[in-house]
Amino acid sequence: MTLSAANLSRLEGILGPGQVRSDSATLVSYAVEGAIPSAVAQPANAAAVSETVRFAAAEKLALIPCGGRTKLCMGMPPRRYDLALDLTHLSRIVYYDPGDLTVSAEAGMPLADLDSALAAHGQFLPLGPPFSARATVGGAIASGVDSPLRQFYGTARDFVIGAEFVTGTGAPAKSGGRVVKNVAGYDLHKLLIGSLGTLAVITGVNFKTFPLPPQRRTFVAHFADDQGALVLRRLIGASRLSPSTLEILSPEAARLLASTKDAGAQSDPRAWFHAEDWTLCAGFESSPEVCERYARELGRLAEEAQAAGGHLLQEKDSLALQAAIGRAAPIFLLASPAAVIFKVGLLPGKFSAVFAGLREIADRASLPSALLARGSGTVYFAFLPAGLDGQTVARLSRVAGAVFDLAAAQDGHAMIPWCPLEMKRLVNIWGPARPDFALMRSLKETFDPHVILSPGRFVGGL
Amino acid sequence: MDTRLIRELERIVGKEGVLSRTEDLILYEYDGSVEQGRPDCIVFPRTTAEVSRIARLAGRFNVPLVGRGAGTGLSGGALARQGGVLVVFSRMNRILELDCENQRAVVQPGVVNLDLTRAVERAGLHFAPDPSSQKSCTIGGNVAENAGGPHTLAYGVTANHVTGLELVLPDGEILRVGGKTADVLGYDLTGLLVGSEGTLALITEITVKLSRLPEDVKTLLAIFDAVDQATETVVEITARGITPAACEMLDGWTLRVVEDFVHAGFPRDSAAVLLLEVEGLSEAVTVQAAAIEDVCRRNRAREIRMARDARERELLWKGRKGAFGAIGRVSPSYYALDGVIPRTRLPQTLRRVSEIGRRFGFQIANIFHAGDGNLHPIILFDPRDPEQFQRAVAAAGEIMKHCVEVGGTLTGEHGIGMEKDQLMPLLFSETDLDLMRRVREAFNPGSRLNPGKIIPAGKGCGEIRARPVSNPPASTI
């Protein structure tokens, strides 16, 4: 459906002059997996978002909320897409009580801006999504991405304490609150995390913030094979240490990450990421006394795991390494014109079997691959074919079924956050249907009865 | 109650699994709150399949269905407000699986909170949520209420420790949501269900995370001559980014009552004490304890004592966790409130609470999770005097309203239940509540499961519902 001229001017009447755009250059820049909207609305505040959604609901116009537009390619292609709802004008901090370690930010606020506001008070959010240079608060929440820091801080569901949003009828609603502990009412904001804009348009998010640690260090250990890295992971898991990050990289992943430059780094990243080795990176952050203890003990455990080598990165290199790992997905995507990245959720005890299974799948299909595993149990596995042609896409699609099966057989699950659009015509990136889908569908109907919010992008065509 | 329903329930769980005589029902009309609600019959299932059959049966007879664990809840969540079948999970109390390497356990809802920790302690693990009732409360109840406890300051509430659930919908359908992995595929149904106070589904199996026991623990008791000094200390500890594992406060009246009962060593002439605990690597604990001592001294703490061994530490905690029993000895009844405020508002709020107490003519005791701004003002009253009870409820209402006014919330860990549903409009608009109502409808059509909880039926009058009560049992927070 395209927006009629009459509708365009009605929308402009609601939002004000200049807040609705429909020139083709603009529209193309809001494309979602091949679908191009007929208009872009840029509401100035939450009330205007609500008005816009109400208008869209009345006119049965499908809309997709967006911020920095860095992760719009996630999800299945939308079934319909009439209106891009650009939230970047909602970019304020609504409330910040540094003494309470709580902050409330509008959805379109760039995370980088929020980070600097928090840093001014010695605080931060452990959100660190990929593409963070342009990512917004709302997008980071709606896309459900994680960061290496989840090892210690958990994911958004652990530190989002409330949200304001607009449902598919245009009703402004909220859940949670601004305090760190709250059990009043249903935690609807948890449903919005990772929902890709299919339940509601997030207009504001309330967070618990964290004090910036006095020192950040990373211990890097190298191994000839994955088994050594897994032994070290297990040893760390069974120790008293609680590192802030714990990542395992395959040699291919290390090689790709080594090729990125970081202005802040003191050393060449090839010093930490060896292209021939499996790498385990354990980040830790605390006072100097505690960091010393970590360095000492990690060194001892690495020796016990028979690491080929290990070294300690000081503050600047540590941050550069963590940033590189945080950017792994974009780096993998650049490495191949047809990169497919799987996200596999697992218990860490299943790593060994799953690593082997994934490599076997890649070898059988003669596809180059790279693996990055978070110690808490998430594996990112990228297939990196040299070209994007019909045959490759068909091969990747067959491989997808094998990965879904492998994850399920190991009590986990897999989905595909990033892959070529061509592949989505053959594969449902969300994997096979699960028994709790019926409940998800009724929630979708509850939040979005007219099916206008990002229709089709989510699990099971929601 | 229809005797045919009782016969059919007996067919499902056996004669010994059903109670329906008045003298039995009376035992289940209370929980730890000041509320009351008598079921028409009580059933004790052993398996998920039985729960499913019970749910279907209750549907066929169109009677309410309410889940219950140990009944230690503090907001009436496990009371059969509109009668019906009360499903008590005490016989579903098995730990089904322990996976220490991956730090997971799968338990039935009737497993007692502390029993899980006892079962994994030898492996160096524990189940982190630790409500004061942890010796008796069940994990199913913890999940329903999203329970907290003193150590949630560092570890988070129950929701942060649950990855998957098996549930029975009101129509008897058995489903699994989430799983053992920390990652969620699709909408986070587990996150929605934890804390839904038994209004969306009956939970029949729970997958929880187990946390590693700390290497070192230091417990400090900071003693103050003025309440303001103690609250200002909490403000400064928070603002400086020091993260103790627990930070509990007892005011002067409370610590004296506790001291008489528990002999924990609280100085009877002080105005307030903070019970602070730091955990982690021994190096970290040393640094943090020193930082905390420094803040306490700057705020004119009269004395700071550090527990020298496990026995001294346990004694201090006994004073904290046994406080409600102690208060029960000196007051015919009490009304324990649960509110949260931004921690920066702690000093002014405690002054306000004491002013409200004076104005309404009540002693209000304060013993609470200061570190996360979770207040528990306790209004002491005589329930035999209906006028006094009405007054206590009015005072409670003012305290709750103040919490909301300063940016806080109505409950940090006890739940809304049937106690505060009428206050929900203070926090949420009619649109917010309507959305919650429709979410409930998606799981629990017609609200036959645990009716009359969380969301006010009508517009909500903004007052706590007052009802005459007899002496409620001593509860724990």
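Analyst: Cavities and the chain contact

The largest cavity holds about 560 Å³ of space. A cavity here is a set of points on a 1 Å grid over the protein atoms alone where a 1.4 Å probe fits but cannot get out, and lining residues have an atom within 4 Å of a point. Grid points are joined across faces, edges and corners, and a volume is the space filled by probe spheres set on the points. This is a predicted model, in which local features need pLDDT of at least 70 and side-chain atom pairs count only at pLDDT 80 or more, while totals for chains, interfaces and linings use all residues. Residues are numbered from 1 along each chain as its sequence is written, chains are lettered from A and ligands numbered from 1 in the order in which they are written, and side-chain values use heavy atoms, with hydrogens and water left out.

The largest cavity is lined by 40 residues, and Gly73(B), Gly141(B), Asn142(B), Ala144(B) and Glu145(B) are the closest to its centre. Helix α5(B) gives the largest share of this lining, five residues. Helices (H or I, at least four residues) and strands (E, at least two) are DSSP runs, numbered from the N terminus. By class, the lining has 14 nonpolar, 21 polar and five charged residues. Ala, Val, Leu, Ile, Met, Phe, Trp, Tyr, Cys and Pro count as nonpolar, Asp, Glu, Lys and Arg as charged, and the others, Gly among them, as polar.

The second largest cavity has a volume of about 490 Å³. Its lining has 35 residues; nearest the centre are Ser143(A), Gly144(A), Val145(A), Lys343(A) and Val184(B). Strand β19(A) supplies four residues, the largest share of the lining of this second cavity. The classes here are 19 nonpolar, nine polar and seven charged residues.

Lys343(A) also forms a salt bridge with Asp183(B), with the closest N and O atoms 3.8 Å apart. A salt bridge is a side-chain nitrogen of Lys or Arg within 4 Å of a carboxyl oxygen of Asp or Glu. The rule finds eleven salt bridges across the interface of chain A and chain B.

At that interface, 73 residues of chain A are in contact (heavy atoms within 4.5 Å) with 80 residues of chain B. The area buried between the two chains is about 6,100 Å², with carbon and sulfur atoms giving 61%; buried area is the accessible area (1.4 Å probe) that two parts lose on being put together, summed over both.

Definitions and conventions: On a 1 Å grid over the protein atoms alone, a cavity is a set of points where a 1.4 Å probe fits but cannot get out, and a pocket is an open set with protein on both sides within 12 Å along at least five of seven lines; lining residues have an atom within 4 Å of a point.
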